[in-house]
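Hi everyone, thanks for coming. Let me put the structure up, and then we can go through a sheet and some helix packing together.

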Amino acid sequence: MSLALSEKALAVKPSSTLAITAKAKELKAQGLDVVGFGAGEPDFNTPDNICEAAIKAINDGFTKYTPASGINELKEAICAKFKRFNNLDYKPSQIVISNGGKHSLTNVFEALINPGDEVIIPAPYWLSYPEIVKLAGGVPVYVVGGKDQGYKINAAQLKAATTEKTKAVVLNTPNNPTGQSYTEEELRAIADYAVENDVYIIADEMYENLVYDGGKHVSIASFGPEIYERTITVSGLAKSYSMTGWRIGYTGSSEKIAKVMSSIQSHQTSNPNSIAQKAAVEALNGDQTKVEYMKGEFAKRRQYIYERCLNFKYVEAAKPTGAFYLFIDCSELLTKSYKGKKIETTAELARILIEDYLVAVVPCGDFGFADHIRLSYATSLEAIKKGMDRIEEFINSVR
């Protein structure tokens, strides 16, 4: 008998974004004035109408188990939203409601992957994708979308990376960590690739409501029946509705895939939180005024943080078109010295900023781009101004 732990589990990297956020909270607890650009968590309270729906659910005694894949009332609201916003026709039997976006992605990978199957992950990528793929027994294959490509990959790159073991491609638009969105033309080319090569598209559209400058979110599954059948559309309420702690994510897929995911979920978690499901119904069906207000505030913050960054020495950033992240190329800055020592890595850069300037940023080595950092502008404009002042002070101090 061996008391060794799971090699698969031991190989999982801890989330660097959560580590940075924990460090920032620790320093704040000590009374220090920390500016956190770390976690992608809106600073707004959940809208009142959503909270009131949750309170009503509690008072009505809606606190028991629900069906494993979620209540039909919420599935119908999700189907209506898919039709209204994404131009997608799903039936309630194609919807699986889960405990947040990560859980939805876990369900997807567990349902699709056999040991050794390859999943193409465009880089830069959200750091949890490879870890969830590996836990499901899959093999992450990285395809790099460089700065010269707007941090986006194309169909030709996907085709070049495809092997007989390729099972799926992860497509995140708007993207975390870059804030960039794929155009309809780019998506159509990727859809054609997926159909021609008979691979799944895992469309992570968590930031779909946060698209700026008059842009419109486009769902790749909306291009026709062939790509629709090969796409699992993943979304949730955390970002758009400031419901990070409520833990409601969902997927739209073929009935066959939905049935498998529901079965998996029934054994792993029983069902999503009953009260949060009732709140989610109100989020999707109720008044959207606060949601539009939050989007407007994010747009103002995006403009400010991007313009500030344009005036910094030694760094460059592409203007975000969606989500609430600024992705900053620090390659020149890393060649500079601080207090007589070369900076060299974004991990060291992040350490300096939080310890000496009380600013938390995310180094992006775990996102596939070791010379970049990510700043989340899901915080107040006042905090952003203060944080950018401190970063500018630091940059001006290097030699």
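In what order do the four strands of the open sheet come? Reading across, we have β9-β10-β15-β14, with antiparallel pairing. Please keep in mind that this is a predicted model.

Look at the edges for a moment. β9, residues 316-317, and β14, residues 362-363, each have a single partner strand, so one side of each has no neighbour in the sheet. Then there is the pairing of β10, residues 325-329, with β15, residues 372-376: five bridges, running antiparallel. If you want a landmark there, find Y325, which sits opposite S376 in β15.

Now to the helices. Two packed helices are described by the angle between their axes and the distance between those axes.

Let's take α3, residues 48-59, and α11, residues 274-285. Their axes are 8 Å apart, and the packing angle is about 140°, which makes α3 oblique to α11. The handedness of this crossing is right-handed. On the α3 side you'll see N49, I50, A53, A54, A57 and I58, and they meet I275, K278, A279, E282 and A283 of α11. By type, that contact has eight nonpolar residues, one polar and two charged.

My other pair is α5, residues 101-112, with α6, residues 128-135. Here the axes come within 9 Å and cross at roughly 40°, so α5 is oblique to α6. This crossing is right-handed. K102, L105, T106, F109 and E110 from α5 meet S128, Y129, I132, V133 and L135 from α6. That splits into six nonpolar, two polar and two charged residues.

Conventions. Residues are numbered from 1 along each chain as its sequence is written. This is a predicted model: local features need pLDDT of at least 70, side-chain atom pairs count only at pLDDT 80 or more; totals for chains, interfaces and linings use all residues. Side-chain values use heavy atoms; hydrogens and water are left out. Axes are lines fitted to C-alpha atoms, for helices over the stretch in contact, and angles run from 0 to 180 degrees between N-to-C directions. Helices (H or I, at least four residues) and strands (E, at least two) are DSSP runs, numbered from the N terminus. Angles under 35 degrees count as roughly parallel, over 145 as roughly antiparallel, 65 to 115 as roughly perpendicular and the rest as oblique. A crossing is left-handed if the near helix is turned anticlockwise from the far one by less than a right angle, and right-handed if clockwise. Contact means heavy atoms within 4.5 Å. Ala, Val, Leu, Ile, Met, Phe, Trp, Tyr, Cys and Pro count as nonpolar, Asp, Glu, Lys and Arg as charged, and the others, Gly among them, as polar. Two strands pair if DSSP finds at least two bridges between them.
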